[in-house]
Amino acid sequence: MWPDGLTTRHVFFTGKGGVGKTSLACATALDLANRGNRVLIVSTDPASNLDEVFGTDLGSVPTRIAGTANLWGANLDPELAARAYRERIVGPIRGKLPPAVIRNMEEQLSGACTTEIAAFDEFVKLIADPDATQQFDRVVFDTAPTGHTLRLLSLPSAWSGYLNTTTSESSCLGPLAGLQSQRKCYQIALDRLSDPGSTTVVLVARPEKSSLKEAARTQTELADLGIRNLQLVVNAVYDPGPTSDPVAKAFASVVEEALHSIPIALLDLPRSSVPLYAGNVVGVPALRAFFHSGVSIPESAFKPSKSRSGLEFGTFVDGLAEGGSGVIMTMGKGGVGKTTVAVQIAQELVKRGHRVLLTTTDPAGNLTECVGQGDKNLEVARIDPAIEVKKYAEAVLSKASVSMDEDALALLREDLRSPCTEEIAVFRAFADAVARGTDRFVVIDTAPTGHTILLMDATESYHREVLRTQSDAPDAVRQLLPRLRDPEFTKVVLVTLPEPTPVHEARRLQEDLKRAGIEPFGWIVNRSFSASGVTEPILAAKASKEIGPTDEAMTLCPNLLILPWSSREKPIQRNECEMVVQCS
Ligand SMILES: Nc1ncnc2c1ncn2[C@@H]1O[C@H](COP(=O)(O)OP(=O)(O)OP(=O)(O)O)[C@@H](O)[C@H]1O
Ligand SMILES: [Mg+2]
C-alpha cells in the first residue's frame with residue numbers, strides 16, 4: 001500500500017493540475033514522519049497551499065507542522081527568491097554606478113523570467129547542497145502543475161548548456177557572473193534528479209483517460225531528461241459497489257474504463273492507488289486517514305444535502321455576451337475544469353450566432369482535441385510556446401539584421417536561446433489574442449493559477465516598461481493592460497470546485513486580479529455533487545461537505561453559476577443546449 005517501498009531521500013510529486021499532488025505529498029510526508037523519519041516538505045508552486053492543507057503558516061525557512069513530531073514544511077516563495085537574486089546582483093554595485101543605471105538594472109531584473117530563475121536557484125540549492133537539508137532524512141517536493149515543473153526540471157540542462165556555450169556578457173538576467181558560479185550546482189542537481197538511488201518522481205493521476213494520458217506524456221518527457229525512477233499513483237479511485245444512483249454509476253464507469261485503458265508508457269511503472277476520500281483533504285487528522293480506505297460515513301451523510309442554486313447557465317452567458325464582442329478568460333486552480341467551461345461558453349456563444357476564437361495559454365492545453373474543428377464561426381487555436389519562440393526570434397532577428405553585423409547577430413541569436421525568451425514570446429502572443437477581441441469574442445482557457453499570475457505580472461512590468469521607454473512595442477502590447485482592466489472588454493470567469501483549497505485559491509487569485517486593477521465578472525463552481533442530487537453514501541458524504549465552500553464562493557462573488565458534476569469523458573445532454581464535451 002502507498003507509500004510502502006518509498007526509500008529515496010528526495011521524492012517529487014508531479015502531475016496535471018488538480019490531480020491531488022499536494023494532498024498526496026502532504027499525506028506521504030506525514031506517513032514517512034510517522035515511521036520515524038525527519039521529513040521536510042517543500043512547495044515550489046508559486047500558488048502553494050501547503051499552509052492551508054497542514055493548518056500551519058509556512059515561510060521559506062523550515063517550520064515544524066503543528067500536531068506532528070518529525071515533520072517540517074517550507075514554501076519556496078518565488079518573489080522572495082527574486083528579490084534576493086536581484087540584491088545579489090545589484091547590491092555590490094549600488095552607490096558605485098549612477099542611480100538611473102541601478103534603477104534600470106532593477107527594472108530589467110523584475111521580469112517573470114528572473115522570478116522563475118531565482119525560484120529555481122533556491123530549488124537547486126535544496127537538491128545540490130547537502131548542508132541545506134542535512135538535518136532531514138527525507139525531502140518531499142510538492143511541485144507545481146506539469147508545464148511549469150518540466151520547465152523547472154529542464155532548466156539545469158538548459159542553463160548548463162547555455163552557460164557552457166555563451167560568450168556574451170549581455171543576458172536578460174544581468175551580468176552572467178551571478179549564474180556562472182551556479183554551474184556546478186546545476187550539474188549536481190541534474191545528477192541527483194536522474195539518480196534512482198536518491199530521487200523518486202511520483203506521477204499522480206486521477207482515474208480518468210485525460211489525466212492518465214498527461215501522466216504518460218510526463219513519463220516520456222522525464223525519460224528524455226534522463227529521469228527514470230518513476231512511480232504511478234492513481235488518486236481518488238471511486239468504487240461504490242452495486243448502486244442504482246445514476247451519477248454514482250456514471251462516475252464509477254469513468255473510473256473503471258480509465259483503469260482498463262492505462263497508456264502503455266505507464267504499464268511498466270510500479271503502481272499504487274488511493275481511494276476517493278469522502279471528506280475534504282484539509283488538516284492533519286484528515287491527512288492521517290487519507291490512505292486508509294473504508295472511512296466511516298456518518299449517518300447524517302445519507303440525507304441528500306440541500307444544494308445551493310446560483311444563476312442559470314443561459315443567464316450567466318447573457319451577461320458574458322453583452323457588448324457583442326470582447327475577451328472572456330477562464331481562470332483557476334489546475335484541474336477545476338477551466339477548459340471544459342471555456343468550451344461550453346464558446347459553443348453557447350457560437351449557438352447564439354457570434355464569431356468566436358477559442359484559445360489557450362496553457363502549455364499543456366490542447367483545445368482541438370476537446371472541440372475538433374466544426375462550426376465556421378468557431379476558430380480554435382493554441383498559444384504554443386515553441387512556435388511562439390520561433391516566430392518571435394525570427395521577427396527580432398530580421399529587424400536586427402538591418403543594422404547589425406554578423407558578430408552582433410550571432411550574439412543576439414545566443415541571447416534569444418535563453419529560456420527567458422519563451423516568457424516574452426508567449427506574452428506577445430497572448431497580447432495578440434486579446435487584441436482580436438475588438439471584432440469577435442475571444443475565449444481564453446488560461447493555464448493554472450501560478451503560471452497565469454506570472455503572465456499577469458509580466459503584463460504589468462511590460463506595461464511599465466512600455467510607458468517608461470516609449471519603446472516600439474506593438475500596439476497589441478501597449479493596449480493589453482488597459483484592455484484587461486476594462487470590464488466592458490474583458491470578462492474574467494473564476495472557475496473552482498466546491499472544495500476548500502480550490503475556493504481559497506480562487507479567492508487569492510481574485511485578490512491578485514483586483515490589485516492589478518482587474519474586476520472578475522463572475523465565478524463558476526464546477527462539478528458539484530450536491531447540485532447533482534446524488535444519494536450514493538460516499539458521494540453524498542462528499543456532497544454534504546460542499547455546502548461550506550459553495551456558500552463561501554457566493555459571498556466572494558454573487559454572480560455565480562453552479563454546474564452539477566458531469567463526467568469529463570462522456571457526452572452530456574443539457575436542456576438549454578445540447579453539447580458534447582470531451583476534455584479535462
Ligand atoms: N483522494 C482524494 N479524494 C477526495 N478528494 C481529493 C483526493 N485527493 C485530492 N482531493 C481534493 O482535490 C482537490 C485538489 O487536490 P490538490 O490540491 O491536492 O491537487 P494538486 O494536484 O496539488 O492541485 P494543483 O495542481 O492546483 O497544485 C482538493 O480539494 C483536494 O482536497
Ligand atoms: Mg498543489
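Trainee: What share of the contacts in the chain with a separation of 6 or more comes from residues 24 or more positions apart?

Mentor: It's 77%, with contact meaning heavy atoms within 4.5 Å. Keep in mind that this is a predicted model, where local features need pLDDT of at least 70 and side-chain atom pairs pLDDT 80 or more, while totals for chains, interfaces and linings use all residues. Residues are numbered from 1 along each chain as written, chains are lettered from A and ligands numbered from 1 in written order, and side-chain values use heavy atoms, leaving out hydrogens and water.

Trainee: Why is asparagine 526 called buried?

Mentor: Because its relative accessible area is 6%, and buried means under 20% (exposed is over 50%, partly exposed in between; 1.4 Å probe, protein chains only). Asparagine 526 sits in strand 14, residues 522-528; strands are DSSP runs of E, at least two residues, and helices are runs of H or I, at least four, both numbered from the N terminus. Across the chain, buried residues make up 56% of the 584 residues.

Trainee: Which residues come nearest to ligand 1?

Mentor: Lys21, Thr22, Ser23, Tyr277 and Glu499, out of 23 residues around ligand 1; a residue is near if one of its heavy atoms lies within 4 Å. Helix 1 gives the largest share of that shell, 3 residues.

Trainee: How do you know that arginine 206 makes a polar contact with ligand 1?

Mentor: A polar side-chain atom of Arg206 lies 2.9 Å from an oxygen atom of ligand 1, so the pair passes the same cut-off. The protein covers 97% of the 630 Å² of accessible area that ligand 1 has on its own (Shrake-Rupley, 1.4 Å probe; for residues, only the protein chains shown count as cover).

Trainee: How many disulfides are there?

Mentor: The count is 0, going by cysteine sulfur atoms within 2.5 Å.

Conventions. Polar contact = N/O pair within 3.5 Å; in protein donor to acceptor, adjacent residues only side chain to side chain.
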